[in-house]
Number of protein chains: 2
Amino acid sequence: MTAVIKKAEEARKAFFAMAKKNAKDRDSALSAIAGGLVKNRSVILKANALDVKAAEGRLSSALIARLKLESEKIDGMARYALTVASLEDPVGKTLEATELDRGLLLYKVSAPIGVIGCIFESRPDVVPQIASLCLKSGNSVIMKGGSEAVNTNRALYKVIRDASEGAGMPAGWIQLAESRKDVEEMLRLDGLIDLLIPRGGKNLVEYIKDNTKIPVMGHSEGICHAYVDRDADLKMAVKVCLDAKVQYPAVCNAIETLLVDEKIAKEFLPMMADAYAQSGVEMRVDAKAYRILSGFVVKKATEKDWRTEYNDLIISIKVVAGVKEAIEHVNAYGSHHTDTIITGNKKTARRFMQEVDSASVMHNCSTRFADGYRYGLGAEVGISTGKYHARGPVGLQGLTTYKYLLEGSGQVVKDYVGPRARKYIHRKIQDHW
Amino acid sequence: MTAVIKKAEEARKAFFAMAKKNAKDRDSALSAIAGGLVKNRSVILKANALDVKAAEGRLSSALIARLKLESEKIDGMARYALTVASLEDPVGKTLEATELDRGLLLYKVSAPIGVIGCIFESRPDVVPQIASLCLKSGNSVIMKGGSEAVNTNRALYKVIRDASEGAGMPAGWIQLAESRKDVEEMLRLDGLIDLLIPRGGKNLVEYIKDNTKIPVMGHSEGICHAYVDRDADLKMAVKVCLDAKVQYPAVCNAIETLLVDEKIAKEFLPMMADAYAQSGVEMRVDAKAYRILSGFVVKKATEKDWRTEYNDLIISIKVVAGVKEAIEHVNAYGSHHTDTIITGNKKTARRFMQEVDSASVMHNCSTRFADGYRYGLGAEVGISTGKYHARGPVGLQGLTTYKYLLEGSGQVVKDYVGPRARKYIHRKIQDHW
């Protein structure tokens with residue numbers, strides 16, 4: 001038995017033991033984790049200093065900044081654990097209840113998923129985040145962080161494990177995998193790991209999706225669109241399309257393509273191009289936009305631009321015949337992440353929102369709102385472009401499934417079949433299990 | 001481009017077009033399908049006669065019985081389509097609504113999944129069933145039935161397609177794949193097919209799970225348990241455990257293993273063995289049960305028995321020290337499908353229901369109740385032992401996902417960050433989109 005299989009089996013055993021714990025137990029453990037992080041601040045910082053030192057000269061300064069922990073970041077981690085503790089218990093909620101017959105009551109109750117595998121790159125903040133979310137939702141977790149953060153991750157893991165097990169959580173609920181070989185093995189453990197959550201670049205996510213039978217939650221690309229319709233308030237459109245591109249261009253919910261209704265293109269495009277030019281945004285435009293924007297510095301777009309996530313101060317711009325073509329473009333070239341329409345026409349907005357097949361579809365606001373915190377989910381596991389189970393920004397609910405609990409008083413199916421069969425009542429009731 | 005890719009692309013295009021249709025449109029198409037089935041009765045029966053004739057001498061009489069359609073079966077199919085039409089619209093329901101800020105309203109709304117691939121064995125009844133469920137939930141579908149029913153499936157497909165497209169559904173929403181090679185290709189179309197639903201034996205389901213990156217909904221095994229606790233009403237226990245085994249032993253929700261608390265084993269086992277013997281059930285028992293059942297014809301169980309789905313009049317029986325060992329056995333050997341406890345002790349029942357990690361956990365009733373119709377789901381797509389998305393008996397809800405719709409009035413994220421940031425309200429509201 002390899003080390004990873006052993007870890008996964010321990011995690012699975014701990015998952016079953018976790019079912020005996022209630023929300024209070026788990027919240028106390030989250031408090032203990034917060035305390036442990038603060039108390040072990042110097043140990044964690046010392047481990048992190050080793051990683052930072054090893055990275056110097058090998059990693060870019062941006063990556064080193066992501067890797068580096070400061071005292072305040074540790075306070076932030078502790079605060080995060082306490083915030084998660086303060087959220088509503090996602091487990092054991094009665095989602096539906098049905099009276100099947102007198103004395104035969106069916107409850108659909110939220111339940112943890114099992115063993116979660118989380119594979120992420122550099123940022124060590126992810127360790128306490130994911131650990132808190134998994135613990136809150138009653139799941140076990142196996143984590144594999146970036147190799148450049150190996151000392152930091154190990155220190156964080158040890159603090160979290162000791163604090164939570166000290167507070168009564170089952171031994172082994174949190175596990176740390178370390179090598180690339182460990183990841184390869186994890187991907188094969190479809191009997192032991194219930195869900196994989198990759199957090200990182202497109203290559204990591206695609207690699208994982210391509211090499212496992214375990215369900216994967218995440219998104220590999222964010223090709224988001226704004227469509228400015230003929231009935232748009234053009235000033236509002238400029239404001240929204242500027243925010244959606246420049247407020248934080250490196251993230252998945254920033255727009256990559258701007259679609260403009262030909263009816264207002266002549267008036268709108270110069271206004272927009274002005275704003276983009278002032279913010280240093282490079283514009284790659286189709287032939288129609290090119291003619292309209294003759295006074296501006298723009299490049300010609302190629303077919304490839306409609307499929308590209310720039311994650312940068314670059315935008316592709318296309319003039320379309322109207323909402324129909326806009327919808328078709330978004331469904332054909334988008335990544336089903338987040339798209340917005342700017343229009344004063346409610347009917348056009350509803351059509352766009354109904355027909356665009358994306359996790360988030362918006363009207364008269366910036367795509368940058370697509371985020372677990374902004375959506376009020378309390379905590380975010382990630383953003384999913386998969387349609388199965390969890391879609392869009394995913395909070396604690398995405399880390400739960402449900403089970404059916406049926407309370408009877410000796411009922412057998414035999415009595416409900418045949419010519420003198422008892423009839424089902426099938427009445428929705430308000431009871432909680 | 002192969003024929004299957006072309007079919008999948010047509011189905012995908014139809015899926016986008018389907019978003020323009022409302023519940024009324026889809027229900028009218030379901031009525032048209034019901035009418036079409038009745039009107040084309042003789043065509044369908046003639047096609048079926050070809051399949052039955054070809055099967056004679058090649059298939060068992062049980063399989064031929066499953067393959068063979070009679071006039072009443074066609075009426076049943078038509079009735080099924082009308083029943084599905086009468087169910088509540090699963091699409092466009094507002095599941096949650098949140099006021100993020102004044103004039104910035106977030107709606108979580110149920111939405112179809114996309115293109116469903118359904119792969120099933122012999123029974124042609126599945127064609128109109130799955131077609132009705134997919135249409136009702138706004139999905140496109142590609143179906144592949146058993147090769148022994150090729151003529152019947154083709155006739156049913158044609159009737160359903162013509163009737164629904166005649167009633168305004170987008171051309172291509174239903175597709176028929178026919179060969180084993182087609183299936184192999186379908187499994188590779190993870191950009192075009194969103195969900196696979198295999199309906200058939202363990203081998204089919206395992207083959208599909210092992211050979212695709214597309215999410216698969218289904219169950220490959222039903223190793224279900226009954227645990228008779230020390231505080232059980234023993235007469236009730238006999239009645240429930242008899243029903244759970246013999247009422248229909250060939251199905252997935254029948255029990256395969258009976259666990260008996262050692263505290264009542266001496267009294268209970270002879271009562272139970274008497275009932276099983278009278279119903280012709282073969283008993284494979286552990287050493288403790290063997291000693292107690294010395295007066296009965298029983299076999300000794302081996303380790304393999306605890307992992308076996310007999311789907312037959314055979315049961316394995318094990319004496320356990322109490323509820324703790326029962327839970328451990330179920331979680332270790334079961335297939336997380338359906339398990340029941342018989343006890344008069346509410347605390348013991350709650351513990352069993354909370355700690356057993358199965359899709360359905362029951363108290364004082366037969367595992368045979370685990371079924372979409374009995375659970376009041378209206379229609380059943382199948383039973384899922386996966387934990388991701390849909391679990392247990394799956395109705396129309398399992399064929400939907402959700403999307404977030406955000407209605408704004410020009411909001412940009414820039415205003416919600418920094419030292420003078422606007423604050424989010426995050427108030428749950430009762431509005432519907």
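## Contacts and overall form of chain A

Among the contacts in chain A between residues at least 6 apart in sequence, 72% join residues at least 24 apart. The model is a predicted one, and in it the C-alpha trace of chain A spans about 75 × 75 × 35 Å along its principal axes. The secondary structure of this chain comes to 14 helices and 17 strands, and of its 433 residues, 54% count as buried.

## How the two chains are related

Two copies of a chain are related by a rotation about an axis and a shift along it. Here, chain B can be laid on chain A with an RMSD of 0.1 Å by a turn of 180° and a shift of 0.0 Å along the axis, which means that the relation is that of a two-fold axis. In chain B, the C-alpha nearest this axis belongs to B:His389, and it lies 1.8 Å from the axis.

## The interface

In the contact between the chains, 60 residues of chain B meet 60 residues of chain A. Several elements of chain B each supply at least two residues to the side that touches chain A: the strands E1 (94-101), E2 (104-112), E13 (360-365) and E16 (400-411), together with the helices H9 (202-210), H10 (234-246) and H14 (346-355). E16(B) gives the most to this side of chain B, with 11 residues, and the residues of the side divide into 25 nonpolar, 19 polar and 16 charged. Because 100% of the interface residues of chain B are also interface residues in chain A, the copies meet through the same surface.

Strand pairing also crosses from one chain to the other: strand E13 (residues 360-365) of chain A is joined to E16(B) by 5 bridges, and the two strands run parallel. Within E16(B), the residue that stands opposite A:Ser360 is B:Tyr404.

## A four-stranded sheet in chain A

Strands of a sheet pair through backbone hydrogen bonds, either parallel or antiparallel. In chain A, an open sheet of 4 strands has the order E5-E4-E3-E6, with parallel pairing. Its edge strands are E5 (174-177) and E6 (195-199) of chain A, each of which pairs on one side only, and neighbouring strands of the sheet are turned by 20° against each other on average, direction ignored.

Between strand E3 (residues 115-120) of chain A and E6(A) there are 5 bridges, and these strands run parallel; in E6(A), A:Pro198 is the bridge partner of A:Ile119. Helix H8 (residues 180-188) of chain A lies across E3, E4 (140-144) and E5 of chain A, and runs at about 140° to E4(A).

## An enclosed strand in chain B

Strand E11 (residues 314-320) of chain B is largely enclosed by the rest of the structure, because 6 of its 7 residues are buried. Strand E8 (residues 255-261) of chain B is joined to E11(B) by 5 bridges in a parallel run, and B:Asp261 stands opposite B:Val320 of E11(B). Strand E9 (residues 282-285) of chain B is likewise parallel to E11(B), through 4 bridges, with B:Ile314 in E11(B) as the bridge partner of B:Glu282.

## The nonpolar core

The largest nonpolar core holds 275 residues, of which A:Cys241, A:Val260, B:Cys241 and B:Val260 touch the most other members. When residues up to four places away in sequence are not counted, A:Cys241 touches A:Ala226, A:Val228, A:Leu258 and A:Met272.

How values were computed:
Residues are numbered from 1 along each chain as its sequence is written. Chains are lettered from A and ligands numbered from 1 in the order in which they are written. This is a predicted model: local features need pLDDT of at least 70, side-chain atom pairs count only at pLDDT 80 or more; totals for chains, interfaces and linings use all residues. Two residues are in contact if their C-beta atoms, placed from the backbone, lie within 7 Å. Ala, Val, Leu, Ile, Met, Phe, Trp, Tyr, Cys and Pro count as nonpolar, Asp, Glu, Lys and Arg as charged, and the others, Gly among them, as polar. Two strands pair if DSSP finds at least two bridges between them. A residue is buried if 20 or more other C-beta atoms lie within 10 Å of its own, exposed if 12 or fewer, and partly exposed in between; C-beta atoms are placed from the backbone. Axes are lines fitted to C-alpha atoms, for helices over the stretch in contact, and angles run from 0 to 180 degrees between N-to-C directions. A nonpolar core is a set of buried Ala, Val, Leu, Ile, Met, Phe, Trp, Tyr and Cys residues joined through C-beta atoms within 7 Å. Copies are superposed by least squares on the C-alpha atoms of residues with pLDDT of at least 70 in both.
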